[in-house]
Every structure is written in structure tokens, then in C-alpha cells.
Amino acid sequence: DEKFELIKRNTVEIIGEDDLKEMLSDETNKREKIAYIGFEPSGKIHMGHYLQIRKMMDLHKAGFKVVILLADFHAYLNQKGTLEDIGKLGEYNKSVFEAMGLEAEYIYGSEYQLGAKYTEDVYKLALRTTLKRARRSMEVIAREDDNPKVAEVVYPLMQANDIKHLNVAVAVGGMEQRKIHVLARELLPNMDFESPICLHNPVLSGLDGVGKMSSSKGNLIAADDEDKDIKKKIKEAYCPMKEVDGNPILEIAHYYLEYPAELKRPEKYGGNVVFESYEDLEKAYVEGLHPMDLKNMVAESMIKIITPIREKMKGMNI
Ligand code: F2Y
């Protein structure tokens, strides 16, 4: 129905779709409607984060309580710095998410991850997970390290455990979280907890076309970029003619343009065009729509999206 379609829109996959449908139609609220996502606190919040935040807003609109985990111990285990510095980044991230307009409950991992019951469950998960599987689940997530540490395999166990200890029904994340989520789906039912529904968002390519958009790489559009920086970044971005796969500008057009979308262009360059849907735009691009036309559309809409967030951040003194 309507709520399901709202939740499903722009996702890559929902594991446990039928359970979600059942939850949405169950007026007795047998299963508490709690959705969560966790973030390692980060110095830059970008359009990849915003895609996920918007999905949490969709879930809120569909009647879910939204929990945002500021995963400080996870960032610590993943070699992102001292707990003190990570804590400050967490506060910053919370403010940005609020500026984006998300209504949620925020919690730090360190508020509950040292509890006796939580710890006992980590040991249970440790006994039931192979080293090989724990490492595989971290393939895209773990920071590069020539001498990988045990912390890397503790991390996914704790993330699976978070789902139980935050009483989550719907776990949200980028597609790179799926192996950890599948582990949680498999193990939690043997630990007195219902298998979570897992919703996975697309992961945007970096503006340089090398890998994914990432805070550590600077290949991103940030939530507080100025108009001139947005224009410059998009102008310089990787956007191969007629190519769809790994084209970051086309991906942004896919997830961030509002359709029907209008390209405004002088007559001598072909005049204005309206694209009814993303598919319509993609088809035009494959047939030779100029990258500069696409970039102009994308820059205009990104500015429209980011300006109010940036201004709100200024007002909140972030
Ligand atoms: O950002 C990431 O790669 C996530 N693994 C961070 C994260 C997400 C969670 F849902 C950490 C956690 F502890 C989570 O429970």
C-alpha cells in the first residue's frame, strides 16, 4: 500500500518485505515500530548521508519511531580517533541531521554498549560467528590496515547486537552493511529476538568516479557546501558521455531530482526539455544528451536542496 511504497522508494532492497507489509497492516502494534540507522561520527556529512536521512524521514512519516545511533565505539574500533574526538563529531553530526529536518531519538553507543547484558550477548555472538564470516562482513567498512586488528571482528558482532538491544524492527543502512545485517538476521532469532527487516540504500559513487562517495576521500558534496563550491564540484565531476554505470552525476540525478524535471537551455543549444521520470532522463543521456546539460540540471537541484540545510546550520551555529 501507500506506506510500503513510500518506504520502498529509491531503496536497493528490503530483506523481509513480507514482514514489513505485515507490520504496516497490523494495527495492534504487536511488533514495536522502531527503525534505526547507525553512523560512525564523521567530520563531513554529505549527500550519501542525506539519502539515508531522507529514508529515515520516510519511515517516520510511515509511523515508525526513528533511532539514530551515534556509533562512537564503532568508530573507535575502526581506528577513527580517540573517544573524546569522536564524541564531538557525534554532536556535530546530530546537529546536521536536525538541520536536515529529521525527527529522531539520538543515542551514543557508549551509553549502553558496556552494559552486562549487552556484553554477554557479544560473547554469545562471538561463539557463533566464524572469523572468516566476521571479516567478510567488514570488507567495505573496515579501515585499510596492513596489520588488521581483532577490533575489526568485534565490530560486526556489536552492530548485530545493537539491533537487539535497541529493540529494532527495521535496520537501515547503505548496501555495504548487508553482510552484517544478514548475520544479524541469522543469529538474533536464537537469542530471543525477532529477525530484523533490513532496508538497504544505494551507495553513491564519488564525484571523481573512483570508488564511493566518502568523507575520508573528499569526493563529495557536503551538507553545508556553498553554491559556488557545489557548481565547481559538479562542473569538474567525472561524467562520461552516454555512460550510466559508475556515473556519479547520473546517480545524483536519479535520487535527488524531482520528476518531471525540466532542463532549461537556450534555443541554440536545443531549448528546454522536460523529463517525465529518471528512466526518461537516463534514456536521453545514453542517446547523447550532453554531460554539461545534465550537470547544469543537477547543480541547480543540489543548490535547491542544500541551501536551506546550510542556512539552518548557520542559524544553529554549527
Ligand atoms: O558506518 C558504518 O559503516 C556502520 N557500520 C556504522 C554502524 C551502523 C550501525 F547500525 C555502527 C553500528 F554500531 C551500528 O549498529
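In this predicted model, the side chain of Gln159 places an N or O atom 2.8 Å from a nitrogen atom of the ligand. Two further side chains make contacts of this kind. A polar side-chain atom of Gln177 lies 2.8 Å from a ligand nitrogen atom, and one of Tyr36 is 2.7 Å from a ligand oxygen atom. The table lists these pairs.

| Residue | Ligand atom | Distance |
|---|---|---|
| Tyr36 | oxygen | 2.7 Å |
| Gln159 | nitrogen | 2.8 Å |
| Gln177 | nitrogen | 2.8 Å |

Taken on its own, the ligand has 360 Å² of accessible area, and the protein covers 91% of that area. The space that the ligand takes up is the largest pocket.

**The shell around the ligand**

The residues surrounding the ligand are Tyr36, Gly38, Glu40, Leu69, Ala71, His74, Ile141, Tyr155, Gln159, Asp162 and Gln177. By class, 5 of the shell residues are nonpolar, 4 are polar and 2 are charged. Two elements, strand S2 (34–39) and helix H8 (151–165), each contribute at least two residues to this shell. Helix H8 gives the largest share, with 3 residues.

**The chain as a whole**

The secondary structure of the chain consists of 13 helices and 8 strands. Along the principal axes, the C-alpha atoms occupy a box of roughly 70 × 45 × 40 Å. The radius of gyration of the chain is 21 Å; a compact globule of 318 residues would have a value near 20 Å, so the two agree.

Most peptide bonds are trans, and most residues other than glycine have a negative phi. Two places in the chain depart from these patterns in their own ways.

The peptide bond from Tyr259 to Pro260 is cis, with omega near 0°. Pro260 belongs to the loop that runs between helix H11 (248–256) and strand S7 (261–263).

Asn10, a residue other than glycine, has a positive phi, near 65°. This residue is located in the loop between helix H1 (2–8) and strand S1 (13–15).

Technical notes: Residues numbered from 1 in each chain as written. Predicted model: local features only at pLDDT ≥ 70, side-chain atom pairs only at ≥ 80, totals over all residues. Heavy atoms only, no water. Near = heavy atom within 4 Å. Polar contact = N/O pair within 3.5 Å; in protein donor to acceptor, adjacent residues only side chain to side chain. Areas by Shrake-Rupley, 256 points an atom, 1.4 Å probe, with all protein chains shown as cover. 1 Å grid on protein atoms, 1.4 Å probe; cavity = no way out; pocket = protein on both sides within 12 Å on 5 of 7 lines; lining within 4 Å. Sits in = over half its atoms within 2 Å of the grid points. Helix = DSSP H or I, 4+ residues; strand = E, 2+ residues; numbered from the N terminus. Nonpolar A, V, L, I, M, F, W, Y, C, P; charged D, E, K, R; others polar. Rg over C-alpha atoms; globule rule 2.2 N^0.38 Å.
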